[in-house]
Amino acid sequence: LSTFIALALSTVMLAGCGSASSSTASTDGAKSDKTYNIGVIQYTEHPALDAAREGFIEGLKEKGFEEGKNLKINYQNAQGDMAIAKTISDQFVTSNVDLIFAIATSSLQASYNSTKDIPIVFTAVTDPIDAGVAKSWESSGTNVTGTSDMVSMEKQLELLTKLVPDIKTIGVIYNSSEANSLAQVQELKKEAEKKNIKVKEISVTTVNEINQNLTAALGEIDALYAPTDNTVASAYDLVGNICLSKNIPILCGEEAGVSKGGLCSSGIDYNKLGKEAGYKAAEILNGKSPSDIEITTLSDMTITINTDVVKKLNITVPDDINSKSAKVTGGVK
C-alpha cells in the first residue's frame, strides 16, 4: 500500500510540473493547441490603413501567431460606409471571433457598438477617448486597446511655417462626421492660435463635396492642412490638383498625401503603428485583458518633402530639414 501511495504522489507531482511548464510557455508565445480567429475590419482602402493592416499581421507573426498555422484572419472592408461597418462587426460577433482588429475610428466605433465582450484592438485612431470607447489612455476600462495615430500638431505647423513663413490663414479640409478628424481640427486651432494663424474650416460629408467646397475656399487661405481623414485620404489626387492649380501648399497628416501633391508631412510610420497593435493583440490571445494594456502612440516622427512641389512653388528648404527628410515626387502636372 505504501508503495502505491508513493507512486501516486510521484505521478501528481510530475503532472503538476508539466502543467506549470505549459502555463509559462503560453505567456511567452502562441498556444500551439488552438487556432485563433481574428476579424479585421478596415473602414476604407488607402495606403496608410493598408500599411497598418500589414504591420498588424507582421506583429502577430513575430509573437508566434501566423496565418495558416494557428491563426485565421477574416478581412473585411467597409468601403467608407458606417452601415456596412456595423454589419461587418455584427457578423464577427455572431461568428464569435476571438478578437476584432479595427482600423480607423469609424471601424472601432462600429465594433464597440456591436460587442462589449470580444476583445477589440484598434489602430489609426486619433483619440479613443473622444471616440467614446475608452476612459483613459492608461486603461480603457473596456474591451478595447490599441495604437493611436495622434501626432504633434505643434511639430507639423512648425515644419510648414519653416517652409512657408508668411502664412496668415490655413485651411483644413475634413469630414465633419469623423470623430478622428474633429479631434485634429481642434488641435490645429489651438496650435495655430499660438502662431497667430487663422484657421478656415472646409467641411465635407462626402468625396463629391470636395471639389466645390475646397475650390470656393482657395481665395481665403495661404495653405491647406489635410488631416488623417478617411474621406480626404480617398481623394488625395483631387485635393492635390485643386491646390496646386492655385499654388497653395498642403501640409499632410501622413506621407501618402505628400506623394499626391502635398508639400510636406511630419507624420508616423503606419506599418510600425500596426505592428505595435499586433503585439497588443498577441498579449490578449495569450490571456491578457485589453483594459490591462495601455493605449499608445508612436513618438518618432518622419518628415517627408515633395521635391516636385518644392520646385513648383519655388520654396527653399532649410538645410536642417533637408538633411533629415525623406523625399518623394508626384502630383505636379
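**Helices, pockets and a cavity**

Tutor: Start with a contact. Met153, Glu154 and Leu157 in H5 meet Gln184, Glu187, Leu188, Glu191 and Ala192 in H6. Contact means heavy atoms within 4.5 Å. Helices are DSSP runs (H or I, at least four residues), numbered from the N terminus.

Student: How do the residues of the contact of H5 with H6 divide?

Tutor: There are four nonpolar, one polar and three charged. Ala, Val, Leu, Ile, Met, Phe, Trp, Tyr, Cys and Pro count as nonpolar; Asp, Glu, Lys and Arg are charged; the others, Gly among them, are polar.

Now the ground rules. This is a predicted model, where local features need pLDDT of at least 70, side-chain atom pairs need 80 or more, and totals for chains, interfaces and linings use all residues. Residues are numbered from 1 along each chain as its sequence is written, and side-chain values use heavy atoms, without hydrogens or water.

Student: At what angle do H5 and H6 pack?

Tutor: H5 and H6 (residues 179–194) pack at about 60°, with axes 9 Å apart. H5 and H6 are therefore oblique to each other. Under 35 degrees is roughly parallel, over 145 roughly antiparallel, 65 to 115 roughly perpendicular, and the rest oblique.

Student: Is the crossing of H5 and H6 left-handed or right-handed?

Tutor: Look at how the near helix is turned from the far one: anticlockwise by less than a right angle is left-handed, clockwise is right-handed. H5 and H6 cross right-handed.

Student: At what angle do H3 and H4 pack?

Tutor: H3 (residues 82–94) and H4 pack at about 45°, axes 8 Å apart. That makes H3 oblique to H4. The crossing of H3 and H4 is right-handed. Residues of H3 in the contact include Met82 and Val93; Ser106 and Ser114 are among those of H4. By class, the contact of H3 with H4 has four nonpolar, six polar and two charged residues.

Student: How far apart are the axes of H2 and H11?

Tutor: 6 Å, at an angle of about 40°, for H2 (residues 47–62) and H11 (residues 270–285). The H2 residues in contact include Ala48, Gly55 and Gly59, and those of H11 include Gly274, Gly278 and Ala281. The class count for H2 with H11 is 11 nonpolar, five polar and four charged.

Student: How much space lies in the largest pocket?

Tutor: On a 1 Å grid over the protein atoms alone, a cavity is a set of points where a 1.4 Å probe fits but cannot get out; a pocket is an open set with protein on both sides within 12 Å along at least five of seven lines; lining residues have an atom within 4 Å of a point. Points join across faces, edges and corners, and volume is the space filled by probe spheres set on them.

The largest pocket holds about 250 Å³. It has 17 lining residues, and Tyr43, Gly80, Asn175, Glu178 and Thr231 lie nearest its centre. The lining has four nonpolar, 12 polar and one charged.

Student: Which helix gives the most to the lining of the second largest pocket?

Tutor: H5, with four residues. That pocket has about 210 Å³ of space.

Student: How many cavities of 30 Å³ or more does the structure hold?

Tutor: One. The largest cavity has about 80 Å³ of space. Its lining includes His46, Asp149 and Tyr270.

Terms used. Helix = DSSP H or I, 4+ residues; strand = E, 2+ residues; numbered from the N terminus. Axes fitted to C-alpha atoms, helices over the stretch in contact; angles between N-to-C directions.
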